[in-house]
Amino acid sequence: MRAFYHPEQALHDPQQFMRAGKIETPKDLPVRTERFLGALARLGVPVETPVRDQPDARTAVHTPGFVRYLETAWERWQQLPNPGIEVWPNTFPYWSGRPDWRARPECPAGHIIAQTGWYLGDLSVSLGPHSWASIRASSNTAIAAADAVVDGHSPVYALCRPSGHHARADRASGFCFLNNTAMAAARLRSRFDRVAILDVDAHHGDGSQQIFYDRPDVLTISIHADPNNYYPFFTGYDHERGVDEGEGFNVNLPLAHGSNGQVMLAAVDRAVEAIARFQAGALVIALGFDAHARDPIGVLKLEVEDFAAIAARVKTLGVPTLIVQEGGYAIDVIADCLAAFLSEVR
Ligand SMILES: [Zn+2]
């Protein structure tokens, strides 16, 4: 198998994260990349560095104004009188457009504070001096890995960090800035008529859902903890099935909090059946490990061997497969989870 990662992805080092009314240390620590690299070394998988910057892949699923904002926000923030240590929103604009529209108009105001409210959707996506370098490198890793699948390799692993599946066409949230999974799926469409996304991160893949919500060519399936009392709260319910031509091509499988591997695997079986029926030409797995019982922000009860069992089921599909890293914050178990998954799927 092939694997991709760029060292600049470890530079993003957020300092603040708001949870339950308190400013806490963020969970997406740079050391996560070391742990994932350790798992690849253990399996003897060589790590390739993406060589090309691919801005077109970013605007294939994101609005130009949003991408330009992410790219320039840090520098513009420094021009504020007495700026804080990070770019962090203090406005949360109400938007009354149709929820199924792919994106909002560009931010009507030009000021950096206005745009920070418009484009950063919550208080978990602060931007520091090196954040853009990491965000850009993470997107290039996803696209280099997708190109390897287009070239006939499978499975291919993209060690993406920051993660992407909460990022919408025009909004960052949930530790995610650019949607690596969605960019990769869009790139795979250049070769495959039908692409499926299977998201097994403990959180609903709300960004990926939104990006493909009106499209029949990308089947989006997310298995996650019940959002009624878990992030991202407002989406991830089973009645969200897509709109217009995309109706029927979005599937949410929420799990009761406290669910173990057996419950997760029953949902994976349903997902695998749906992907087979869809006759997907290629598959993107949005792979998070925050469903592990020891995850610090988790509510599910998976163990390391359950990730191997997920991989075994996915492998039965026999389609070209790209694995994109999403969440997982239990620093001492994420390498074992990744090694378990990859050694089964390869
Ligand atoms: Zn997650």
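**Exercise 1. Helices 9 and 10**

In helix 9, Val-304, Phe-307, Ala-308, Ile-310, Ala-311, Ala-312 and Lys-315 meet Asp-336, Cys-337, Ala-340, Phe-341, Glu-344 and Val-345 of helix 10; contact here means heavy atoms within 4.5 Å. Your task: how do helix 9 and helix 10 pack, by angle and by distance between their axes?

Before you start, note that this is a predicted model, where local features need pLDDT of at least 70 and side-chain atom pairs count only at pLDDT 80 or more, while totals for chains, interfaces and linings use all residues. Residues are numbered from 1 along each chain as its sequence is written, and side-chain values use heavy atoms, with hydrogens and water left out.

*Solution.* 

Step 1: Recall how to describe such a pair. Two packed helices are described by the angle between their axes and the distance between the axes.

Step 2: Find the elements. Helices (H or I, at least four residues) and strands (E, at least two) are DSSP runs, numbered from the N terminus. Helix 9 covers residues 304-315, and helix 10 covers residues 334-345.

Step 3: Read the geometry. The angle between helix 9 and helix 10 is about 25°, and their axes are 8 Å apart. Axes are lines fitted to C-alpha atoms, for helices over the stretch in contact, and angles run from 0 to 180 degrees between N-to-C directions.

Step 4: Name the arrangement. Angles under 35 degrees count as roughly parallel, over 145 as roughly antiparallel, 65 to 115 as roughly perpendicular and the rest as oblique. So helix 9 is roughly parallel to helix 10.

Step 5: Helix 9 passes helix 10 in a right-handed crossing. A crossing is left-handed if the near helix is turned anticlockwise from the far one by less than a right angle, and right-handed if clockwise.

**Exercise 2. An aromatic pair**

Your task: why is the pair of Phe-66 and Tyr-119 called tilted?

*Solution.* 

Step 1: Learn the rule. Rings of Phe, Tyr and Trp (its six-membered ring) pair if their centres lie within 6.5 Å; planes under 30 degrees apart count as stacked, over 60 as edge-to-face and the rest as tilted. By this rule, the count comes to 10 aromatic pairs.

Step 2: Apply it. The ring centres of Phe-66 and Tyr-119 are 5.8 Å apart with the planes at 40°, so the pair is tilted.

Step 3: Phe-66 belongs to helix 3 (residues 64-78) and Tyr-119 to helix 4 (residues 112-119), 53 residues apart, and the pair links distant parts of the chain.

Step 4: Check the surroundings. Buried means under 20% relative accessible area, exposed over 50%, and partly exposed in between (1.4 Å probe, protein chains only). Phe-66, at 0%, is buried, and Tyr-119, at 3%, is buried as well.

Step 5: Look at helix 4 as a whole. Six of its eight residues are buried, including Trp-118, and helix 3 is part of what covers the buried residues of helix 4.

**Exercise 3. Backbone details**

Your task: is Asn-82 buried or exposed, and where does Asn-82 lie?

*Solution.* 

Step 1: Asn-82 lies in the loop between helix 3 and helix 4.

Step 2: With a relative accessible area of 77%, Asn-82 is exposed.

Step 3: Asn-82 has a positive phi of about 55° although it is not a glycine.

Step 4: Now try Asp-244, with a positive phi of about 50°. Asp-244 sits in the loop between strand 7 (218-225) and strand 8 (250-255), and at 56% relative accessible area Asp-244 is exposed.
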